[in-house]
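The exercises below ask you to look at open spaces and at the packing of helices. Work through each task with the structure in view before you read its solution.

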Amino acid sequence: TRHSSQNRGLVRYIRRHRHTTPFEMVELKFHCAMPMFVARQLILHRTVSVNEYSGRYSLMPLLFYTPDYEDFAVQSASNRQGREGESASREVYEEAVRRWAEVRRHSSDAYGWMVEEDVARELARIDLPLSTYTQWYWKIDLHNLLHFLMLRMDSHAQTEIRQYATVIGDEIVARWVPFVWEAFRDYRLNAMRLSGPETELMRL
C-alpha cells in the first residue's frame, strides 16, 4: 500500500508539472478497425507509427459505416467543420441511407468485377467510398497518446473519432495505467488553463 501510494504521488507530480520523458518511454500498440474518414483524422497525429492493411496485396473487406439516426445532423451554423447538436429529419436520414446503399452497391459491384477480371487490386479499389473500413496497427508512446486523447475526447471533436478516443481512454488506458489516467483527468482533461490576461484578472 505504501509503495502504491508513493507511485501515485510521483505520477501525479510529474503529470502536474508536465514532465514528459517518463511517459515517452512507454509505448502502446493498438489494432484498430475504422472507416477511412476516421482513419484520416487519426493519421494527422504524426507522432505515431502506422502499418495499415494494404488493398494492394489483400482484398478489401467491403464493410461500410452508417451513422445512427441520433448522430445524423445538419451542418452547424457556427462551426464550419462540424454538425449541429440536434438530428436532421427522419425523412432526410432515410433518404441518405438509401443513397449511401446505392453508392456502396455500385462501388462494391465495380470492385468485385475488376477483381474477377484480374485488374490490379491497387486500381480496383480506387473508387471505394470513405465509409469503407480499413484497419491498422497503431503504435504511440503514452505521452503523445494522452495528447491525442486531450484533443479527440473533446466535445468539439467529430463524433466518430470521439467514440474511438473514449474507448481507448476510459476502457484501455484507465485500466492499464490507472494512476496516470487519474492524474491526466485531474490536471489536463478536466482542468482549465488561463491566459496571462485571465490570470491577472483573477489576481485582481
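A pocket is an open set of grid points, where a 1.4 Å probe fits, with protein on both sides within 12 Å along at least five of seven lines. The model shown here is predicted, and every exercise refers to this predicted model.

**Exercise 1**

Describe the largest pocket by its volume, its lining and the elements that contribute to this lining.

Solution. Begin with the volume, which is about 740 Å³ for the largest pocket. Next, turn to the lining, which is made by 33 residues, and note that Gly82, Arg83, Gln158, Thr159 and Glu160 are the closest to the centre of the pocket. Then ask which elements give two or more residues to this lining: they are helix H3 (36-42), strand S3 (73-75), strand S4 (83-87), helix H4 (90-116) and H7. Among these contributors, S4 gives the most, with five residues.

**Exercise 2**

State the volume of the second largest pocket, and name residues that line it.

Solution. The volume of the second largest pocket is about 150 Å³. Its lining includes Met36, Arg40, Glu52, Tyr53 and Gly55, and Met60, Arg125, Ile126, Leu128 and Thr134 also belong to it. When the lining of this pocket is divided by class, five residues are nonpolar, two are polar and three are charged.

**Exercise 3**

Work out how helix H6 is placed against helix H7, and which residues make the contact.

Solution. First locate the two helices: H6 covers residues 142-152 and H7 covers residues 159-176. Their axes are 9 Å apart, and the helices pack at an angle of about 130°. That angle makes H6 oblique to H7, and the crossing of the two is left-handed. On the side of H6, the contact is made by Leu142, Leu145, Phe148, Leu149 and Arg152, while H7 brings Ile161, Arg162, Ala165, Ile168, Gly169 and Val173. Sorted by class, the residues of this contact are eight nonpolar, one polar and two charged.

**Exercise 4**

Carry out the analysis for H7 and helix H8.

Solution. Helix H8 spans residues 178-189, and H7 packs with H8 at an angle of about 120°, with the axes 5 Å apart. This arrangement makes H7 oblique to H8. In the contact, Gly169, Asp170, Val173, Ala174, Arg175 and Trp176 of H7 meet Pro178, Trp181 and Arg185 of H8. The classes in this contact are five nonpolar, one polar and three charged residues.

**Exercise 5**

Decide how H6 and H8 cross, and list the residues that meet there.

Solution. The axes of H6 and H8 come within 12 Å and cross at roughly 45°. Such an angle makes H6 oblique to H8, and this crossing is right-handed. From H6, the residues in contact are Leu142, Leu146, Leu149 and Met150, and they meet Val180, Trp181, Phe184, Arg188 and Leu189 of H8.

Methods:
Residues numbered from 1 in each chain as written. Predicted model: local features only at pLDDT ≥ 70, side-chain atom pairs only at ≥ 80, totals over all residues. Heavy atoms only, no water. Axes fitted to C-alpha atoms, helices over the stretch in contact; angles between N-to-C directions. Helix = DSSP H or I, 4+ residues; strand = E, 2+ residues; numbered from the N terminus. Parallel < 35°, antiparallel > 145°, perpendicular 65-115°, else oblique. Left-handed = near helix turned anticlockwise from the far one by under 90°. Contact = heavy atoms within 4.5 Å. Nonpolar A, V, L, I, M, F, W, Y, C, P; charged D, E, K, R; others polar. 1 Å grid on protein atoms, 1.4 Å probe; cavity = no way out; pocket = protein on both sides within 12 Å on 5 of 7 lines; lining within 4 Å. Points joined across faces, edges and corners; volume = space filled by probe spheres on them.
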